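Here are my notes on this one, as promised. Have the coordinates open while you go through the points.

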Amino acid sequence: MHFVDIINKKKDKKALTHEEIQFWIDGVVSGSIPDYQTSSLLMAIVLNGMNEDETAYLAKAMMNSGDVIDLTSIPGIKADKHSTGGVGDKTSMALGPMVAACGLKVAKMSGRGLGHTGGTLDKLESIEGFNCFLSEEQFKKQVEEVGIAIIGQTGDLVPADKKLYALRDVTGTVNSIPLIASSIMSKKLASGSDTILLDVKYGEGAFMHNVEDATELANEMIKIGNNLGRNTMAMITDMNQPLGNAIGNSLEIIEAIETLKGNGPKDFTELCMQAGEIMLIQGKITQTKEEARKMLMDAVNSGRAFEKFKEMVKAQGGNTAMLDDTSLLPKSKFITEIKAEREGNVEVLHSEKLGILAMHLGAGRATKEDLINHGVGLKINCKRGDKINIGDTICYVYHDEDLKEEWIKELHEAFVITNEDVKVNPLIEKILK
């Protein structure tokens, strides 16, 4: 097989066979196919697309390019949830313990953040001693005994994706739904769970900028998952304002804890509840959303959801005293209130701008080498559609260094106030299966 023939075939808008895709991925991992040839094929895929079979073949070949976690020794259905990322997205820390407290086993591998705010692992590392990197055997043991583990990628999972993504990043070939879908799903499939719930976000600060593109990506990933024997569903959710109120690592841990205790922000709580309903039905714990909602509410109101989070943190070496007394979590030197300079209705909360402003405080990374400051960030005090008056506090800034005038000016610009009535879109646009 000659790789240039494969490039020409895709350039001519023809579908690649399973064997051709496998040959390509084998060559990427072994290094026998040079980067310039892979880059050429990636561009041909961006321009001409891939059909449903090709995308599934690519995800499967990438999944099998390294270790694949086998969770079959653990009794029952094992569940995973994946978000395409967003500002203030601390869902795993609240949703995971909620559904685990209802009897569903949650086996989740998460990542670090680059840009905006930290990733799930960065947030969990706000907790002193928390170990994100368990061995495969430790991971499986904890899922079986505790019912939930959230860890970083273990072993040599999906090495093909690491190599392809590094090339896509520097060759203008990131924006392709077949490539995005196969990248995400290869990692989810290699993690070994039986069911996958995808939270595909759209809008400012999200990877997909509109509902249509988010829906297309979600449908592509659902087809891959179902094609490869995993019960896969997706929620399409709005990221045109931050999720919840907190942006920043320890601040988001506190908000997740409050949500587990039943005191979380309305939007974030509802997202967790609806996602939990889907996961419990996927996991055959319940048959109806009504039954699932009742179980989730009981897990929260009884304190079992919060206790499950503490149990997970303790099992992974974390200091649970910080969860009982959140004042022990990392905190900033200063807290500054930002007050409204005009009255009206909040029309826009620019998620991306707020995420970047939090990153400049130290809550996220501009480069992989940057260190995270777990105590800094933002706490938004209003949401889209809220009425505010001059002098009302719109945001609390948690910071270690003096705030520059230009930074404060940009923060004010992230809040767009209007005299018109504001229509508030539903957080969850649709659910797909």
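This is a predicted model: local features need pLDDT of at least 70, side-chain atom pairs count only at pLDDT 80 or more; totals for chains, interfaces and linings use all residues.

Which residue does D324 form a salt bridge with, and how far apart are the closest N and O atoms? The partner is K310, and the closest N and O atoms are 3.0 Å apart. More on that pair below, after a word on ground rules.

1. **Ground rules.** Numbering starts from 1 along each chain as its sequence is written, and side-chain values use heavy atoms, with hydrogens and water left out.

2. **The D324 pair.** A salt bridge here is a side-chain nitrogen of Lys or Arg within 4 Å of a carboxyl oxygen of Asp or Glu. D324 sits in helix α15 (residues 321-324) and K310 in helix α14 (residues 304-315), so the bridge ties together parts that are 14 residues apart in sequence. Helices are DSSP runs of H or I with at least four residues, strands are runs of E with at least two, and both are numbered from the N terminus. For accessibility, buried is under 20% relative accessible area, exposed is over 50%, and partly exposed is in between (1.4 Å probe, protein chains only). D324 is partly exposed because its relative accessible area is 49%, while K310, at 15%, is buried.

3. **Other salt bridges.** The total by this rule is 24 salt bridges. One of them joins the side chains of E54 and K10, 2.9 Å from N to O.

4. D122 and R365 form a salt bridge whose closest N and O atoms are 2.8 Å apart. Here D122 is in helix α6 (residues 120-124) and R365 in the loop between α16 (351-361) and β9 (377-380), which puts the partners 243 residues apart. D122 counts as buried at 1% relative accessibility, and R365 counts as buried at 10%.

5. **α1 against α2.** Helix α1 (residues 3-11) and helix α2 (residues 18-30) pack at about 125 degrees, with axes 11 Å apart. Axes are lines fitted to C-alpha atoms, for helices over the stretch in contact, and angles run from 0 to 180 degrees between N-to-C directions. The two helices are therefore oblique to each other; the classes are roughly parallel under 35 degrees, roughly antiparallel over 145, roughly perpendicular from 65 to 115, and oblique for the rest. F3, I6 and K9 in α1 meet E20, F23 and W24 in α2, where contact means heavy atoms within 4.5 Å. By class, these residues are 4 nonpolar, no polar and 2 charged (nonpolar: Ala, Val, Leu, Ile, Met, Phe, Trp, Tyr, Cys and Pro; charged: Asp, Glu, Lys and Arg; polar: the others, Gly among them).

6. **α16 against α17.** The axes of α16 and helix α17 (residues 405-413) come within 9 Å and cross at roughly 155 degrees, and α16 and α17 are therefore roughly antiparallel. K353, L354, L357, H360 and L361 of α16 meet W407, E410, L411 and E413 of α17. That contact has 5 nonpolar, 1 polar and 3 charged residues.

7. The buried residues of α16 are S351, L354, G355, L357, A358, M359 and L361. Their cover includes β6 (246-247), β8 (344-349), β9, β11 (393-399), α17 and β12 (415-418).

8. **Two buried residues to look at.** Q316 is in the loop between α14 and α15 and is buried, with a relative accessible area of 2%. Leaving out residues up to four places away in sequence, Q316 touches G129, F130, N131, C132, L134, Q142, A149, I150 and I151. T195 lies in strand β4 (residues 195-202) and counts as buried at 3% relative accessibility. With that sequence exclusion of up to four places, T195 touches I77, K78, A79, D80, N231 and Q282.
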